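Take a moment with the sequence and the structure below. The paragraphs that follow walk through the model step by step.

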Amino acid sequence: MRRSIVNDPEDLVPEALEGLVLSHPRLLELEAEHRFITRKEPARDKVGLVSGGGSGHEPLHAGFVGTGMLDVAVAGAVFASPTALQVLAATKAADAGRGVVQIVKNYTGDVLNFRIAGEISGDDAIDTEIVLVDDDIATDSGEDGPGRRGTAATVIVEKVCGAAAEEGAGLADVAAIGRRVATSARTMSLALAAGTHPGDDRPQFDLGDDEIELGVGIHGERAAKRASFTDANGLTDLLLEPLLSELDLSRGDEVLAIVNGLGSTYPLELQLVARALHHRLGDAGIEIGRSLVGPYVTSLDMHGVSITLMPLDDELRRLWDAPVRTPALTW
Amino acid sequence: MTEQTSSPALPAGFGRAFVLTLREAFVGAADDLGDLDRRAGDGDFGTNVRTAMKHLDANLEADPPTSYREWLTALYMAWLGVGGTSGPLFGMFFRDLAKAGDEAGRSVPTAAQFGDALAAGQATVQRYGEAKIGDKTMIDSLDPAIAALRAALEADAETSAVEALFEAEDAAVAAATATAQTTARRGRASYVGDASRGVIDPGAAAMALVIGSARAGADGSGAVDLSWVA
C-alpha cells in the first residue's frame, strides 16, 4: 500500500506549481490559467526559452526557470502533455522580441502540441525553433516509430541553450547548440521499483525481488528488458555498457555525466553509482569533467537511476559553466 | 482552387448555425463516441469532446462571435485546449475552416471555398497526425466527403450549397460506418490492433457529424442524425 501526500488529486499540479512559486517569490511567477511559470523579472532582448511537458518529473521543468536557463515552463497533468493552447500561451510569454526556442522531450503528445503552438505563434510574428531531446538509448529501435524518448539530457539542453541565449546568441544559434547537445548526449535508466500515481495505492508495475527493469522510461512504462538485481557496481555496469557502445568515446576524452535519481532513490545510493562511474570511466581513460548527481528528471517515486553522458568540448564546457540561478540548479 | 465566382453561397449566419449545430451534435453523441473509443482506443475521446464543448461555451460567453471567422475561431481554440491527440488535431482542422472566412469578418465562404477549407484541414491533420486514408482515423470520413462535395458542385452549376453538403454528409456517414470493417494503423486505436475491427472509428464518426452539422447549419434545420453512432 502506497500513500501520497495530496489534497484532491485533481488539484495536484496547480497546487504544486503554486507551492513552488510561493517558495521562490523573488525568482518565479505563476500564470495560473495556462499553468506555466515564468521568471519574476522577464529577460529583455534575448532569445526566449520555453520548455514543458507532463508533470511528475520534478524538478523538471519549472525548477529550471531562472537566469541562465528557461524563461517559461508549462505543465501538463501527470505524465500528459500540456495542451496546445497552454503551450501557445507559454511560447508567447517567452518571447522578448528575438524569437523562442522550444525545448521538447520526444513524446508524441508533447511534440504535437509544441509544433502546433509554434505554428500558431507565427500568426503573431513570433519566430520559433524546436529542439527535440531524444537521448534514451533503450528506445533506439530503428526508423519506423516515434524514436528515442527524451529524458535527463533535457537538463543539459536547457542549461546550454539558456547560457547561449543569455550571451546574446540569435535564435538559430541557440537552437543549433541545443541540437548539438541532443545529438551527442545519451542516457540509460534502470528501476528497482515503479512509481505510484498520486492517489493510487499500487505502483505502475511490479518487479520480483531478484529483478530490475533495464531501459525503463520516465512515465512508468515497462522496459523491453528485465535483468538480474545486483550490487551498485554491477548496476552501474549495466547502464554504462550500452552507453559506451553507443557513444564511441576514446581514451583522453572528457564527458559531462548526470547520475540522476528517478524519484525515491536516496543520495547515498546515487553517490555509489557516481563513484562506480568515475572508477569505470577512469579505467578507460575517460575523464568526467563536469557532473550532476541528484534527482533532476524524476518519474514520481520510481526507485531507480539513470546515467547520462555527453562528450565535452570547450564551447559546451563554457556554456555549462556559465552562471545559472534557478530553484533546482544554481552556480 | 475551385472556381469561386460561380460557386453557390452558404447562407448569412452560417458560422453561427454551423457551430451551434455542431455543439449540439457533439454533446448528444459524446457518450456514444466515448464508448466507441473505449472499445477501440484509450477511452478518452468522449471526455475530450465534452471538455472541448465546455471550452466552446466559455469562449462564446467571454467573447461573443460576430462573424463566420470568429465563430470558427471560438471552436478551434476550444479544441486546442483539450488533451490527447484529438484535441490538437481537431483544433488545427477547425483553424483551417476558420481561415475560409475573411479577416474583416463580413462574409461567409462559398460552398467551394468551404470545400477547399475542408481539404486544407485534411492536409493539416495528415501533416500532424501522419495518417493515411484507410488507417481508421478522422480523415477516413473527411476525404470522401470533400470529394462528394466537389463532385456535386462540379457536376451541375445549378446545385445548391445545401444539396452539395447533403452529398458530402451521405458520403461521410457511409465512410465512417465502413471504418468498422478496418483495422487501425494510426492513432491510439492502433495499439489494440485487430480488437478495433467491428468498431466504428470515433474520430471518423465525429468528422461525419462535423459535415452533417455544416449541412444542417446551411439548411437551417439544425438537425443531425446521431442514430448511427454506436
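**An exposed residue, then the wider fold**

A:Asp248 is exposed, with a relative accessible area of 69%. That puts it over the 50% needed to be called exposed. This is a predicted model. A:Asp248 sits in the loop between α6 (232–247) and β10 (254–261) of chain A. Its backbone is worth a look: phi is positive, about 60 degrees, although the residue is not a glycine. Most residues other than glycine have a negative phi.

B:Lys136 is not a glycine, yet its phi is positive at about 70 degrees. Look for B:Lys136 in the loop between α5 (111–129) and α6 (139–155) of chain B. Is B:Lys136 buried or exposed? B:Lys136 is buried, with a relative accessible area of 2%.

Now step back to chain A. The domain assignment gives domain 1 (12–184) and domain 2 (186–319). Begin with the sheet that holds β1 to β6.

Six strands of chain A form this open sheet, in the order β1-β2-β4-β3-β5-β6, with mixed pairing. Which strands stand at the edges? They are β1 (28–31) and β6 (128–133) of chain A. Each has a single partner strand, so one side of each is left without a neighbour in the sheet. From one strand to the next, the twist averages 25 degrees. Inside the sheet, β3(A) and β4(A) pair in the parallel sense over five bridges. There A:Gly53 stands opposite A:Ala75 in β4(A). Helix α2 (residues 84–94) of chain A packs on this sheet. The helix touches β2 (36–39), β3, β4, β5 (100–105) and β6 of chain A. Its direction makes about 165 degrees with that of β4(A).

A cis peptide bond joins A:Glu58 and A:Pro59, with omega about 10 degrees. The bond from A:Leu60 to A:His61 is cis too, with omega near -10 degrees. Most peptide bonds are trans.

Next comes another sheet of chain A. Six strands form an open sheet in the order β9-β8-β7-β12-β10-β11, and the pairing is mixed. Its edge strands are β9 (225–228) and β11 (287–294) of chain A, each pairing on one side only. Neighbouring strands are turned by 20 degrees against each other on average, direction ignored. Strands β7 (residues 186–193) and β8 (residues 211–214) of chain A pair in the antiparallel sense over two bridges. A:Leu190 stands opposite A:Leu214 in β8(A).

Helices cover this sheet as well. α6(A) lies across β7, β8, β9 and β12 (303–311) of chain A, running at about 160 degrees to β7(A). Helix α7 (residues 267–283) of chain A packs on the sheet, touching β10, β11 and β12 of chain A. The direction of α7 makes about 155 degrees with that of β10(A).

Finally, see how the domains of chain A meet. Their centres, taken over C-alpha atoms, are separated by 23 Å. The contact takes 36 residues from domain 1 of chain A and 37 residues from domain 2 of chain A. About 2,800 Å² is buried between the two, and carbon and sulfur atoms give 62% of that area. On the domain 1 side, A:Phe79, A:Ile137 and A:Ser184 supply 22% of the area that this domain buries against domain 2 of chain A, more than any other three residues. Four salt bridges are found across the interface.

Note on methods:
Residues are numbered from 1 along each chain as its sequence is written. Chains are lettered from A and ligands numbered from 1 in the order in which they are written. This is a predicted model: local features need pLDDT of at least 70, side-chain atom pairs count only at pLDDT 80 or more; totals for chains, interfaces and linings use all residues. Side-chain values use heavy atoms; hydrogens and water are left out. Helices (H or I, at least four residues) and strands (E, at least two) are DSSP runs, numbered from the N terminus. Buried means under 20% relative accessible area, exposed over 50%, partly exposed in between (1.4 Å probe, protein chains only). Two strands pair if DSSP finds at least two bridges between them. Axes are lines fitted to C-alpha atoms, for helices over the stretch in contact, and angles run from 0 to 180 degrees between N-to-C directions. Contact means heavy atoms within 4.5 Å. Domain bounds come from an automatic or database domain assignment. Buried area is the accessible area (1.4 Å probe) that two parts lose on being put together, summed over both. A salt bridge is a side-chain nitrogen of Lys or Arg within 4 Å of a carboxyl oxygen of Asp or Glu.
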